[in-house]
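Visitor: I would like to learn how to read a protein model. Please take me through one, feature by feature.

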Amino acid sequence: MKTSQDPVRDYLSAVEREASALPADRRQELLADLSEHIEVTRAERPDAVIGEILAELGDPRTIAATARAESGSTAAPGPAWGGSGAPVRRGKVHPLVPLLMLALAQLFGIAFPDDGGPLVGGLVRITGAVLLCTSVHWTASRKVIGFLLTFGLPSVAMTIWNLSEGGPEGGGPALAANLAVLVLASATAAWLWRVRRV
């Protein structure tokens, strides 16, 4: 008896066969994106039949043709996947939401340093990081880079700053550090916006 994974494996194998003309790294990225998309959809819709999920993605031949067209100098006219007019799966949260949360969280600490601003900013940053990591709008590698630059690195830097002798009483240096984190998070958010899946 076949397991529930067999249709997924067969589907991904078909895409891999059809996309054999692509460079190996692009082909692996495509397969990883599709696999992640299937996993996320199954987690969000546990009652959905796997055949429906695969049908929403579209025909493997269409996906491969679209990927080949995107690898060339011209973009394909159709959606990245979901060929045959099938709708492209959209995230439940607009991609701008986690990016704004990550980019602007530092403003709470700058604007309200003594009135709970750092706590609110930290909660906003955590929520933005969770939304980024669970979003369907970026590949896994881009999520990791975005997480490290907007959450990981600033958190480590702020922890070191607060534990050092020049911590919160630093005045001007504290403002400069906060502005540096704000610039880093904003630049990373802008990059994530440019490389998102549409």
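Guide: Start with burial: a residue is buried under 20% relative accessible area, exposed over 50%, and partly exposed in between, using a 1.4 Å probe and protein chains only. By that rule, 36% of the 198 residues of the protein count as buried. This is a predicted model, in which local features need pLDDT of at least 70, side-chain atom pairs count only at pLDDT 80 or more, and totals for chains, interfaces and linings use all residues. Residues are numbered from 1 along each chain as its sequence is written, and side-chain values use heavy atoms, with hydrogens and water left out.

Visitor: How many helices and strands are there in the protein?

Guide: Helices (H or I, at least four residues) and strands (E, at least two) are DSSP runs, numbered from the N terminus. The protein has eight helices and zero strands.

Visitor: What span should helix H6 have?

Guide: The expected span of a helix is 1.5 Å times one less than its number of residues. Helix H6 covers residues 117-133, and its 17 residues should span 24 Å; the end C-alpha atoms are 24 Å apart, which agrees. Helix H1 (residues 6-18), with 13 residues, reaches 18 Å from its first C-alpha to its last, close to the 18 Å expected.

Visitor: Which residues in H6 are buried?

Guide: They are Gly117, Gly121, Val124, Arg125, Gly128, Ala129 and Leu132. Seen down the axis of H6, these buried residues fall within an arc of 135°, so they line one face of the helix. The arc is that of the directions from the helix axis to the C-beta atoms.

Visitor: At what angle do H5 and H6 pack?

Guide: Axes are lines fitted to C-alpha atoms, for helices over the stretch in contact, and angles run from 0 to 180 degrees between N-to-C directions. Helix H5 (residues 96-111) packs with H6 at about 165°, the axes being 8 Å apart. That makes H5 roughly antiparallel to H6. Angles under 35 degrees count as roughly parallel, over 145 as roughly antiparallel, 65 to 115 as roughly perpendicular and the rest as oblique.

Visitor: Is the crossing of H5 and H6 left-handed or right-handed?

Guide: A crossing is left-handed if the near helix is turned anticlockwise from the far one by less than a right angle, and right-handed if clockwise. H5 passes H6 in a left-handed crossing.

Visitor: Which helices do the buried residues of H1 pack against?

Guide: Contact means heavy atoms within 4.5 Å. The buried residues of H1 are Asp6, Val8, Tyr11, Leu12, Ala14 and Val15, and they pack against H2, helix H3 (50-57) and H4. The axes of H1 and H4 come within 8 Å and cross at roughly 45°. H1 and H4 are therefore oblique to each other. Their contact is made by Tyr11, Ala14, Val15 and Glu18 of H1 and Pro60, Arg61, Ile63, Ala64 and Arg68 of H4.

Visitor: How do H2 and H4 pack, and what is the angle?

Guide: Helix H2 (residues 24-44) and helix H4 (residues 60-71) pack at about 130°, with axes 11 Å apart. H2 passes H4 in a right-handed crossing. Arg26, Leu30 and Leu34 in H2 meet Ile63, Ala67, Glu70 and Ser71 in H4.

Visitor: Where does arginine 196 lie?

Guide: Arginine 196 is in the segment after helix H8 (172-194). Its relative accessible area is 24%, so arginine 196 is partly exposed. Leaving aside neighbours within four places in sequence, arginine 196 is in contact with Pro95, His137 and Trp138.
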